[in-house]
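Colleague: I would like to learn how to read ring contacts and sheet order in a model. Could we go through one case?

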Amino acid sequence: MQSIRDNFERMVKLSDAEWNIFSSKLIREEFPKKNPILKAGTIENYLSFVEKGLVRYYIPGEDHDRTFTFVFDGEFTSGYDSFITRLPVTYTIETLAETVLWRISYEDLQDIYAETKIGNTIGRFASEGLFLKKTKRELSLLNESAEQRYLNLFTEQPQLIQRIPQKYLASYIGITPQALSRIRKRIY
């Protein structure tokens, strides 16, 4: 739980009283590898912080799934659109490794917003981080070639290359595994 406080305190200083209110609402959950955290058609009830692990977001398909993001240690994860609208998601979130999440429910977060000044700041930082990650991904898909997206991953997020199966990387970049193999051959 200390890693969450450390993460928050990179953005804003928390008093012990504020931290105690917030941390009293957190639930620690462990998930095995290849376990769904949120299934398509359900409503997201949690904002989660990844203490340890690896999470993949994807749109299930008949022929193949389309991966659109990954979340690592020290990052927030949530079907955030569903979390704030209270409507079902059209995608699935699953673990790709054993994962430990610290979670706060929608209702508990609303209580923290009402009870503390710092709660709104924490909520804003979490939502801004999720928004910025989403925007960067969209701009990459619109402005860069598949090869450039792969090279960016290689330099900006080397953990992706090391920890994620090639079929998921290819889907994330928006190409087939065969096309990714050709790109990798050109680069190496």
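Modeller: We can start with a charge and a ring. This is a predicted model, and in it the charged end of Arg86 sits over the ring of Tyr106, 4.2 Å from the ring centre.

Colleague: Over which ring does the charged end of Arg56 sit?

Modeller: Over that of Tyr168, with 3.8 Å to the ring centre.

Colleague: Now ring against ring. How many aromatic pairs does a search of the whole structure find?

Modeller: Eight aromatic pairs. One of them is Tyr57 with Tyr91, at 6.1 Å centre to centre and 25 degrees between the planes. Planes under 30 degrees apart count as stacked, so the pair of Tyr57 and Tyr91 is read as stacked.

Colleague: Where in the chain do Tyr57 and Tyr91 lie?

Modeller: Tyr57 is in strand β4, residues 54–59, while Tyr91 is in the loop between α3 (80–85) and β7 (92–95).

Colleague: Are Tyr57 and Tyr91 buried or exposed?

Modeller: Both Tyr57 and Tyr91 are buried. Ring pairs also join Tyr57 and Tyr91 with Phe68 in a cluster.

Colleague: What about Phe70 and Tyr172?

Modeller: Their rings form a tilted pair, 5.2 Å centre to centre with 55 degrees between the planes. Phe70 belongs to strand β5 (residues 66–72) and Tyr172 to helix α8 (residues 166–173), so this pair ties together parts 102 residues apart in sequence. Phe70 and Tyr172 are each buried.

Colleague: Next, the sheet. What is the strand order in the open sheet of four strands?

Modeller: The order is β1-β8-β3-β6, and the pairing is antiparallel. At the edges stand β1 (27–31) and β6 (76–77); each has a single partner strand, so one side of each has no neighbour in the sheet.

Colleague: How many bridges join β3 to β6?

Modeller: Two, between antiparallel strands, with β3 covering residues 46–52. Ser48 is opposite Thr77 of β6.

Colleague: Which helix packs on the sheet?

Modeller: Helix α4, residues 106–115, which touches β3 and β8 (99–105). The directions of α4 and β8 make an angle of about 60 degrees.

Colleague: And the annotation: which residues does UniProt give for the domain feature?

Modeller: The unreviewed UniProt entry places "domain: Cyclic nucleotide-binding" at residues 10–112. In the model, that span is 20% helix and 40% strand, and its end C-alpha atoms lie 20 Å apart.

Technical notes:
Residues are numbered from 1 along each chain as its sequence is written. This is a predicted model: local features need pLDDT of at least 70, side-chain atom pairs count only at pLDDT 80 or more; totals for chains, interfaces and linings use all residues. Side-chain values use heavy atoms; hydrogens and water are left out. Rings of Phe, Tyr and Trp (its six-membered ring) pair if their centres lie within 6.5 Å; planes under 30 degrees apart count as stacked, over 60 as edge-to-face and the rest as tilted. Buried means under 20% relative accessible area, exposed over 50%, partly exposed in between (1.4 Å probe, protein chains only). A charge sits over a ring if NZ of Lys or CZ of Arg is within 6 Å of the ring centre and within 35 degrees of the ring normal. UniProt positions are given in the numbering used here, feature names are shortened, and annotations may be inferred rather than shown by experiment. Two strands pair if DSSP finds at least two bridges between them. Contact means heavy atoms within 4.5 Å. Axes are lines fitted to C-alpha atoms, for helices over the stretch in contact, and angles run from 0 to 180 degrees between N-to-C directions.
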